[in-house]
Amino acid sequence: MEFITVEQFKEQPKEVQEVFLDWYNFDKYDLFYLKWEGAEKKWGATEEIVSGATLNRHLKHLKRANSNIINTIPLFTEGQLRKFIEDKTGGKVDASFGGKTYTVYSNKDFGLIIKMYEDIDSDLLQAYWKVACMVAKEEVDE
């Protein structure tokens, strides 16, 4: 499975990260990064990638151990990034490959282009990530 890494997420300014986290709603089988510190069991700082299917089990365990969750970061996939762009721009997302790079469009009905992001990246996941970051930054700057 391809997803945006924790490092890529953390490279973004805190304000941009907050836009993503405010938008994100946990769904079963989503991937995310979870970092916690256990008070009773002296786990120290533990880092793990867990699927959404096991989230409740981990959270119940952490609650019983009186642990504090330090950080939870969604590991966005292409579909989640496309949905983020659609929600934020109010249009449907389309991408076209021009031989070397993708151009990403946000469209209204009948193909009317709301916004076009040209020659973004040769990998569709990375193209969506870069556009999503631009969209989040635009929201921060408003």
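Contact here means heavy atoms within 4.5 Å. The model is predicted, so local features need pLDDT of at least 70, side-chain atom pairs count only at pLDDT 80 or more, and totals for chains, interfaces and linings use all residues. Residues are numbered from 1 along each chain as its sequence is written, and side-chain values use heavy atoms, without hydrogens and water.

Phe-76 touches Phe-3, Ile-4, Phe-9, Phe-20, Trp-23, Tyr-24, Leu-81, Leu-125 and Trp-129, leaving aside residues up to four places away in sequence. Phe-76 is buried (under 20% relative accessible area; 1.4 Å probe, protein chains only), with a value of 1%.

Helices are DSSP runs of H or I, at least four residues, and strands are runs of E, at least two, numbered from the N terminus.

Nine aromatic pairs occur in the structure. Rings of Phe, Tyr and Trp (its six-membered ring) pair if their centres lie within 6.5 Å; planes under 30 degrees apart count as stacked, over 60 as edge-to-face and the rest as tilted. Phe-20 and Trp-129 are stacked, at 5.2 Å centre to centre and 25° between the planes. Phe-20 lies in helix 2 and Trp-129 in helix 5, so this pair ties together parts 109 residues apart in sequence. Trp-23 and Phe-76 form a tilted pair, at 6.1 Å and 50°.

Note on methods:
Buried < 20%, exposed > 50% of the residue type's maximum accessible area, 1.4 Å probe, protein only.
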